[in-house]
Amino acid sequence: MVGGGEGAFIGAVHRIAARLDDRYELVAGAFSSDAGTSQRSGQALGLDPQRVYADYAAMARQEAARPDGIEAVSIVTPNHLHAPVARAFLEAGIHVICDKPVTTTVEDARMLQALARKQGLLFAVTHNYSAYPMVRQAQQMVREGQLGELRVVQVEYAQDWLAEPLEQDGQKQAAWRTDPAKSGGGAIGDIGTHAWQLADTIVGRPVQALAADLASLVPGRAVDDNVQVLLRYQGGARGMLWASQVAIGHANGLRIRVIGSAGGIDWCQEQPDELLYTPLGEATRILRRGTASAGAAAARLSRIPGGHPEGYLEAFASLYSEIAAHLLARRGGGNAPSDAQFPTIDDGLRAVQFIETVQASARAGGSWITVPH
Ligand SMILES: NC(=O)c1ccc[n+]([C@@H]2O[C@H](COP(=O)([O-])OP(=O)(O)OC[C@H]3O[C@@H](n4cnc5c(N)ncnc54)[C@H](O)[C@@H]3O)[C@@H](O)[C@H]2O)c1
């Protein structure tokens, strides 16, 4: 692991997720740019002090040289470090699992895509919302045509934790997220990218053009904290994406509605076991994880009987297990199960292209811009 030291947020989630299915062992890390903090963090996790590093480049080199060196690295640093860290490990021949957004520029994402291909290495991006059972159910329903011709995609990720200027008090997570050089963008990069990727997973077709409005609503903030984007999908569907970190009353309000000519679905991350489904002209039904109302795609990722809630940690663990299926297949020279899916560097690149197109549209006063593919 690189990042995820004392006081960090998502590193601990990755560690739990990686180990929930006994497919990974944490054996080495550069947990902080500060040597003492990295060492203390590694000790608290029970690691061999010799495999706790002060610097990620040394970790990549030394782990690659060990007969028992790591097979994959999880990158959980602030965004601007993803590219140099991933590059160091790819160059050392080590598979990469990286948090989102994969880079702060399209140029860096392309560089990583090319390098991963050249080295023949796996590159996963932890867009974790794609691994919820009822998200896979929604994806399956769209693929099977149960909604008919797609017409409307409405996706939102509303939070309120940045409704005040926390960054001015030095709050660790707020500080780098509101520094454009470290984050690459505000709400659009931090959570808009999750909303985009959730829609991408379910809808399965690209956004062709968009028109965006970005705003910094908290005085003095250096990045956007509220974004609204109009979307035109390939095939004609229209969409709208709202990402906000000043939406008082919303904690992690990631919600998507997809409406076609034959029906509509509605999923909210805060009630993840339920998918609302309304066939045209009929009453709304609740499809529930762990019951016969959910199909095979949801059942594959379901862990415990219905009624016992599954959520963020379990879905994150499922994503790690999907990646593990591919890592194990590569190790054995075989094929991973075709239904084991995870977002790759190709998806990570498309997400960063989406972010940059949103920023370009907003700079141009909300003009329609074609999304490059
Ligand atoms: N998938 C999700 O749901 C999700 C949720 C939160 C954050 N994230 C992503 O995870 C990443 C980290 O976010 P966070 O909230 O955990 O940040 P954080 O600030 O809590 O943690 C960042 C960690 O990186 C370490 N670090 C910084 N520079 C380093 C270096 N040079 N070498 C080694 N370690 C270094 C810091 O010491 C800290 O431990 C971001 O890219 C963020 O977008 C994803």
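Predicted model: local features only at pLDDT ≥ 70, side-chain atom pairs only at ≥ 80, totals over all residues.
1. Nine strands make an open sheet with mixed pairing, and their order is 12-11-10-9-5-8-7-6-13. The edges are strand 12 (285-288) and strand 13 (369-370); each has a single partner strand, so one side of each has no neighbour in the sheet.

2. A pair inside the sheet. Strand 10 (residues 263-268) pairs with strand 11 (residues 274-279) in the antiparallel sense, over 5 bridges. Across this pair, Ile 265 is opposite Tyr 277 in strand 11.

3. Helices across the sheet. Helix 6 (residues 133-143) lies across strand 9 (253-260), strand 10, strand 11 and strand 12, and runs at about 165° to strand 10. Helix 12 (residues 345-363) lies across strand 6 (207-215), strand 7 (226-233) and strand 13, at about 60° to strand 6.

4. Is helix 6 enclosed by the rest of the structure or left open? Of its 11 residues, 8 are buried, so helix 6 is largely enclosed. The buried residues are Pro 133, Met 134, Val 135, Arg 136, Gln 137, Ala 138, Met 141 and Val 142. Their cover includes helix 9 (187-203) and helix 10 (296-301), along with strand 9, strand 10, strand 11 and strand 12. After helix 6 comes Gly 145, with a positive phi near 80°.

5. The ligand shell. There are 26 residues around the ligand, and those that come nearest are Gly 3, Ala 8, Phe 9, Ile 10 and Ser 33. Strand 1 (2-3), helix 1 (10-19) and helix 7 (172-177) are the elements that give two or more residues to this shell. Helix 7 gives the most, with 3 residues. Sorted by class, the shell holds 11 nonpolar, 11 polar and 4 charged residues.

6. Position of the ligand. Which domains give residues to the shell around the ligand? Both domain 1 (2-125) and domain 2 (132-304 + 344-363) do, so the ligand lies between them.

7. A buried phenylalanine. Phe 316 is part of helix 11 (residues 312-332). The cut-off for a buried residue is 20 or more other C-beta atoms within 10 Å; Phe 316 has 22 such neighbours and therefore counts as buried. Leaving aside residues up to four places away in sequence, Phe 316 touches Val 13, Ala 17 and Asn 128. Phe 316 and His 127 are 189 residues apart along the chain, while their C-alpha atoms are separated by 8.8 Å.

Note on methods:
Residues numbered from 1 in each chain as written. Pairing = 2+ DSSP bridges. Helix = DSSP H or I, 4+ residues; strand = E, 2+ residues; numbered from the N terminus. Contact = placed C-beta atoms within 7 Å. Axes fitted to C-alpha atoms, helices over the stretch in contact; angles between N-to-C directions. Near = placed C-beta within 6 Å. Nonpolar A, V, L, I, M, F, W, Y, C, P; charged D, E, K, R; others polar. Domains from an automatic or database assignment. Buried ≥ 20, exposed ≤ 12 C-beta atoms within 10 Å, placed from the backbone.
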